[in-house]
Amino acid sequence: MAAPTAVSSANTREKPRLSFWQIWNMSFGFLGIQFGFALQNANVSRIFETMGANTDDIAFLWLAAPTTGLLVQPIVGYMSDRTWSPRWGRRRPFFLVGAILASLALLVMPNVTALWMAAGMLWIMDSSINISMEPFRALVGDVLPSEQRTTGFAAQTFFIGVGAIVASSLPWMFTNWFGVSNTAGPGQIPLSVKYAFYIGGVVFLLAVLWTVIRTKEYPPEDMQAFEEENKRTAGFWNGVRESFMGVFNMPKTMKQLALVQFFSWLALFAMWIYMTPAITSHIYHTTDTTSKLYNEGADWVGVCFSVYNGVSAVFALLLPVIARATSRRLTHMLCLTAGGLGLISIYFVQDPKMLLLSMVGVGIAWASILSVPYAMLAGALPWNKMGYYMGVFNFFIVIPQMVAGVTLGFFTKNVFHGASVLTLVLGGVSMIISGLLTLRVDDTDDVRLPTAEEPAESLGYDALAQPNPEV
């Protein structure tokens with residue numbers, strides 16, 4: 001596949017500004033998607049340990065998720081770019097199919113009875129969530145004019161935060177508010193976790209359905225050219241080649257951001273995989289998955305995840321202000337540094353409540369990770385390949401998870417001698433490295449910046465959707 005030499009004419013067409021509620025509706029599905037991801041991130045390691053997994057094997061068991069993401073994300077992006085239905089649009093069919101499959105997986109996951117079943121359900125659940133999630137990023141580029149892109153990504157970040165706050169805390173809520181048991185016999189998933197997954201399955205489907213029903217998509221500007229392009233690239237093997245060769249033809253900005261993404265997501269996966277064993281062993285001083293103390297610690301991990309997602313939802317509103325005062329690169333670097341220090345600080349914590357302070361730093365980083373790289377990338381992508389390149393860009397979310405699955409177990413067992421809290425420290429160092437690499441990103445696009453005599457609003461300027469002068 002040749003590198004794109006020109007942006008499609010559709011890239012420059014005038015797109016009407018959307019109202020607050022239209023942006024709200026098109027982003028609402030992310031509430032359900034994050035419900036699924038939050039339940040997965042906060043509870044899958046707990047389920048693995050309950051099914052008998054050793055601490056140093058957990059990272060390897062998580063490999064199912066990135067392997068499917070590596071396959072699903074670019075293919076879904078490629079296919080959605082080439083899809084159009086007057087009734088269903090371009091991205092919405094993928095939202096709906098993924099939501100149905102993911103909801104079913106969420107209902108089955110807490111009822112597994114063996115470790116191999118848990119690993120298999122993670123594979124199915126993660127791939128299904130990715131089918132729904134991948135086109136959501138492209139939808140912002142499809143529907144919103146340039147000056148509203150940050151609003152679109154910020155709205156997604158808000159719903160990601162809200163969904164994760166509730167979903168991550170659900171087991172704790174069921175136990176502490178409704179008296180549902182959070183312990184069970186050997187090899188049994190507690191009722192509090194089961195109920196959380198059941199609610200997650202329902203919320204996932206209903207939230208995505210809301211976006212499918214309430215969002216309007218635009219047809220290709222030149223339908224004849226669109227159909228001719230589909231004919232030219234028809235065929236299974238051509239589709240596979242197009243889907244996976246894009247990594248060799250990425251725009252310059254995308255290549256630079258890829259390295260930033262690698263180290264920041266490596267840190268996140270270290271946290272998601274090892275937070276439960278780290279907290280239960282380092283702070284609650286137990287590895288007995290049937291004990292009350294272990295399950296209290298595992299529930300508290302969900303609360304910690306709720307806190308960092310809550311901080312993220314609020315801090316996302318401040319990102320445009322900070323970026324306008326400095327630059328997007330410096331903003332992302334500062335946020336990632338805060339997240340890295342937050343992860344490192346967990347090593348020095350003994351009071352579980354103090355973990356919430358560590359999570360503030362992680363939440364600041366999470367807000368930036370969910371929006372700033374995509375805002376920097378959007379201006380470098382051709383409109384007619386938006387979904388495709390967003391899928392390729394997600395390689396650099398998937399690849400670090402695969403690296404984490406292969407290497408973190410080794411480090412935890414052989415270098416850190418089972419002290420999984422040190423794996424979180426390693427993640428913190430990785431996040432700080434990611435922040436420093438952000439300063440190398442070439443963050444420019446074609447849009448003229450406001451002069452000192454022109455207010456930013458007169459050009460539809462948006463601190464995250466358009467480049468800023470560097471300090």
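Which residue meets E296 in a salt bridge, and what is the distance from N to O? The legends below cover this pair and others in a predicted model.

**Close-up 1. The salt bridge of E296 and K292 in helix 11**. The side chain of E296 meets that of K292, with 2.3 Å from N to O. Both residues belong to helix 11 and are four residues apart, so about one helical turn separates them. E296 has a relative accessible area of 31% and is partly exposed. K292, at 57% relative accessibility, counts as exposed because the cut-off for that class is over 50%.

**Close-up 2. The salt bridge of D299 and R46**. The side chains of D299 and R46 meet at 2.9 Å, N to O. D299 is in helix 11 (residues 292-315), while R46 is in helix 1. The two residues are 253 residues apart, and the pair links distant parts of the chain. Both D299 and R46 are buried.

**Close-up 3. The salt bridge of D442 and K252**. Here the closest N and O atoms are 3.9 Å apart. The pair counts as a salt bridge because the cut-off is within 4 Å. D442 lies in the segment after helix 18 (420-438), and K252 lies in helix 10 (residues 252-282). The parts tied together by this pair are therefore 190 residues apart in sequence. D442 is partly exposed, with a relative accessible area of 28%, whereas K252 is exposed, at 54% relative accessibility.

**Close-up 4. The aromatic pair of W24 and F159**. A pair of aromatic rings is described by the distance of the centres and the angle of the planes. For W24 and F159 these values are 4.8 Å centre to centre and 75° between the planes. The pair is edge-to-face because its angle falls in the class over 60 degrees. W24 sits in helix 1 (residues 20-50) and F159 in helix 6 (residues 149-178). The pair links distant parts of the chain, 135 residues apart. F159 counts as buried, at 4% relative accessibility, whereas W24 counts as partly exposed, at 27%.

**Close-up 5. The aromatic cluster that includes W24 and F159**. Ring pairs join W24 and F159 with F20, W21, F28, F158 and W210 into a cluster. The structure as a whole holds 23 aromatic pairs, including the edge-to-face pair of W24 and F159.

How values were computed:
Residues are numbered from 1 along each chain as its sequence is written. This is a predicted model: local features need pLDDT of at least 70, side-chain atom pairs count only at pLDDT 80 or more; totals for chains, interfaces and linings use all residues. Side-chain values use heavy atoms; hydrogens and water are left out. Rings of Phe, Tyr and Trp (its six-membered ring) pair if their centres lie within 6.5 Å; planes under 30 degrees apart count as stacked, over 60 as edge-to-face and the rest as tilted. Buried means under 20% relative accessible area, exposed over 50%, partly exposed in between (1.4 Å probe, protein chains only).
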